[in-house]
Amino acid sequence: MKITIDPALCRSRARCYNLYTDLFREGTDGKGEVIITEDFEDEDLVVDATSAANACPVGAIILEY
Amino acid sequence: MSVMTVLLGLPLEDHEILKHWTDVWVLPFSHAMTPEQEMYVAKEGIALQQYLLAAMDEKRQNPKEDLLTLLVQSRREDGSELTTHEMLGFAEQAVVGANETTQNGIAMAMQMLIENPGIEERLHDEPAKIRTFVEECLRLQSPTAGMYRTTTCDVEMHAVTIPAESVVHLRFAAGNRDERHFPEPGKLDLDRRNAASHLAFSQAVHHCLGAPLARLELNLSFQILLERRKNFRFAYAEENYDHVPGLALRQLEYLWIKSDPAEAAMDTNAA
Ligand code: HEM
């Protein structure tokens, strides 16, 4: 799985980096920033990434797999 | 409904009466009411409130790990308790919000699966696309098609001034077909990158509290349905579905479908 945050969509609602600290951190202007930018397969991380994308109120987290 | 019943910490056997109460609760959203029907809706609404109040009392006596316990124990930042009215509002919203919308979301996504050729095959081949499929169905069908707000100040939009204190209808379903944000808006596109950035769960402070749960329920439903069944199609030559008339909610009255067992599912049955 690969995670990206679309900076044009992100509205700094902070859910991703408050809830899923293994995958996201706070970037400039409070926007979300992906920590693991390369592909990964770890199942726990896939679950967290999916939950984060489901929780993002503006749909800015894009998952590819 | 059963999912929400369990999460709230209510007895699972109550899910049918809860389903009944929430079905009645949303009737005024779509139907013009006679005074008798209004009385009926009000009485059933009070019965739901009394049920929830009793359940919240029970959680105060016997705290458990569930949402109602969290609700009765929650405190504001200054340490004060929520009022009964506020707690009841939350509990009611959770019960009602979880029912019709999710159920209709699943049904209308099934309708889209059948009406858009090639989608089912692609989802069988690429189950990872179920996510985008779900978001596209939420966008195109918008189970909560619109909600009301009252303006607190004059608002200017597209050269029109809406005066303060006006009741406006926010049309999520219309925004979801804005071609400036979603090119070819009417198309169910499994490769749309910004598919999840729709308004089906509203925006800002009232953004749907249950959105992550609704997404999980929709995704799991289609993962399981597509694992077990294939060749989803309408059951009859025509009149396979109809909508409940209404402005705020988009609901299916009925949906008649057929499908066949998927081979993989037959293998597991045999094993
Ligand atoms: C596909 C399913 C769902 C859809 C389309 C949906 C849609 C919406 C929309 C559009 C709103 C905002 C209303 C407004 O702007 O005035 C909302 C609010 C809400 N929803 Fe949902 N919802 C769904 C599922 C759920 C579920 C499963 C729950 C329960 C866990 C839930 C609980 C709530 C609550 C509590 C609110 C009120 C939030 C607030 O006003 O602060 N919803 N929902």
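1. Helices here are DSSP runs of at least four residues, numbered from the N terminus. The model is predicted.

2. Start with the second largest cavity. It holds about 40 Å³ of space. Its lining consists of Gly105(B), Met108(B), Ala109(B), Val134(B), Cys137(B), Leu138(B), Gln141(B), Pro143(B) and Leu218(B). Two elements of chain B give two or more residues each: helix H6 (84-115) and helix H8 (130-141). H8(B) gives the most, with 4 residues. By type, the lining has 7 nonpolar residues, 2 polar and no charged.

3. How many cavities of 30 Å³ or more does the structure hold? There are 2.

4. The lining of the largest cavity divides into 10 nonpolar, 3 polar and 4 charged residues.

5. Now look at a helix pair in chain B. The axes of H2(B) (residues 15-25) and H4(B) (residues 35-61) come within 9 Å and cross at roughly 135°. H2(B) and H4(B) are therefore oblique to each other. Their crossing is left-handed.

6. Which residues make the contact of H2(B) and H4(B)? From H2(B) come Leu18(B), His20(B), Trp21(B), Val24(B) and Trp25(B). H4(B) brings Tyr40(B), Val41(B), Glu44(B), Ala47(B), Leu48(B) and Tyr51(B). The contact residues divide into 9 nonpolar, 1 polar and 1 charged.

Notes:
Residues are numbered from 1 along each chain as its sequence is written. Chains are lettered from A and ligands numbered from 1 in the order in which they are written. This is a predicted model: local features need pLDDT of at least 70, side-chain atom pairs count only at pLDDT 80 or more; totals for chains, interfaces and linings use all residues. Side-chain values use heavy atoms; hydrogens and water are left out. Axes are lines fitted to C-alpha atoms, for helices over the stretch in contact, and angles run from 0 to 180 degrees between N-to-C directions. Angles under 35 degrees count as roughly parallel, over 145 as roughly antiparallel, 65 to 115 as roughly perpendicular and the rest as oblique. A crossing is left-handed if the near helix is turned anticlockwise from the far one by less than a right angle, and right-handed if clockwise. Contact means heavy atoms within 4.5 Å. Ala, Val, Leu, Ile, Met, Phe, Trp, Tyr, Cys and Pro count as nonpolar, Asp, Glu, Lys and Arg as charged, and the others, Gly among them, as polar. On a 1 Å grid over the protein atoms alone, a cavity is a set of points where a 1.4 Å probe fits but cannot get out, and a pocket is an open set with protein on both sides within 12 Å along at least five of seven lines; lining residues have an atom within 4 Å of a point. Grid points are joined across faces, edges and corners, and a volume is the space filled by probe spheres set on the points.
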